[in-house]
Amino acid sequence: MNKWNQSYGFLLGKALQQMEQKFAEGLAPFNINSRQYGVLLFIEENPYSSQKDISDNLQIDRTTMVSHIDHLETLRFVERTKNPNDRRSYSLLITEKGKEVLNSRWEFLTDVESEVLTPLNQQERQLLRDFLIRIWKSL
């Protein structure tokens, strides 16, 4: 067996690359990438989060997070509101337009996921999800 076939990192990277490429094609008409989609999803599930909260939870550096939020705000997918507890910071909310994009692309994302994971049965998919969550939480 070749070394590259033995490398978990290489294999995970290739699977992610294929999945991300397919998902990027579905996000392109909305002028966002998969990371920005993840930010939208986080804001929908955690309304009034600060950029710092999102940055910490999604492990995105603060400079990049500012850029993502500026872009999403320009597209009118999110809005900043003054944080009543800290006037130096903003809370973020997803707009109706942002919710529409999020919901329309969720079905596409799950279709891409199903396509990529076709070789796995339901039990194997659940195991993969559990392992990936465990790995991510340990990082």
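Predicted model: local features only at pLDDT ≥ 70, side-chain atom pairs only at ≥ 80, totals over all residues.
Biologist: How many bridges join strand β1 to strand β2?

Modeller: Strand β1 covers residues 78-83 and strand β2 covers residues 86-94. The two form a hairpin, with two residues between them. They run antiparallel, and the number of bridges joining them is six.

Biologist: Which residue in β2 is the bridge partner of T81?

Modeller: β1 and β2 are antiparallel strands. Within this pairing, T81 has its bridge partner in β2, and that partner is S91.

Biologist: Which residues touch the most other members of the largest nonpolar core?

Modeller: In soluble globular proteins, nonpolar side chains tend to be buried together. The largest nonpolar core here has 21 residues. The members that touch the most others are I32, V39, L40 and I43.

Biologist: Which element supplies the largest share of this core?

Modeller: At least two core residues come from each of α2, α3 (34-45), α5 (62-74), β2 and α6 (96-116). The largest share is five residues, and the element supplying it is α3.

Biologist: What is the accessible area of the nonpolar patch on the surface?

Modeller: The patch is formed by Y8, L12, L127, F131, L132, I135, W136 and L139. Helices α2 (8-27) and α7 (122-138) each supply at least two of its residues. Together, the patch residues have an accessible area of about 880 Å².

Biologist: Which helix gives the patch its largest share?

Modeller: W136, one of the patch residues, has its place in helix α7. The largest share of the patch is five residues, and they come from α7.

Biologist: Why does W136 count as partly exposed?

Modeller: Partly exposed is the class between buried, under 20%, and exposed, over 50%. W136 falls in that class because its relative accessibility is 42%.

Biologist: How far apart are the closest N and O atoms of R80 and D70?

Modeller: Side chains of opposite charge can pair when their charged atoms come close. R80 forms a salt bridge with D70, and the closest N and O atoms are 2.8 Å apart.

Biologist: How many residues apart in sequence are the parts that this pair ties together?

Modeller: R80 lies in strand β1 and D70 lies in helix α5, so the pair ties together two parts of the chain. In sequence, these parts are 10 residues apart.

Biologist: Which residues are linked in a network of salt bridges?

Modeller: R80 pairs with D70. The side chain of R80 also meets that of E73 in a salt bridge, at 2.4 Å from N to O. The linked residues are therefore D70, E73 and R80.

Biologist: What are the relative accessibilities of R80, D70 and E73?

Modeller: Each of the three counts as partly exposed. The value is 22% for R80, 34% for D70 and 29% for E73.

Biologist: Is E96 buried or exposed?

Modeller: E96 meets K99 in a salt bridge, at 3.7 Å from N to O. Both lie in helix α6, three residues apart, about one turn of the helix. K99 is partly exposed at 30% relative accessibility. E96 has a relative accessibility of 54%, so it counts as exposed.

Terms used: Residues numbered from 1 in each chain as written. Heavy atoms only, no water. Pairing = 2+ DSSP bridges. Helix = DSSP H or I, 4+ residues; strand = E, 2+ residues; numbered from the N terminus. Patch = residues over 30% accessible without salt bridge, like charges linked within 9 Å, V, L, I, M, F, W, Y side chains within 5 Å. Areas by Shrake-Rupley, 256 points an atom, 1.4 Å probe, with all protein chains shown as cover. Salt bridge = Lys/Arg side-chain N within 4 Å of Asp/Glu carboxyl O. Buried < 20%, exposed > 50% of the residue type's maximum accessible area, 1.4 Å probe, protein only. Core = buried A, V, L, I, M, F, W, Y, C linked by side-chain atoms within 4.5 Å.
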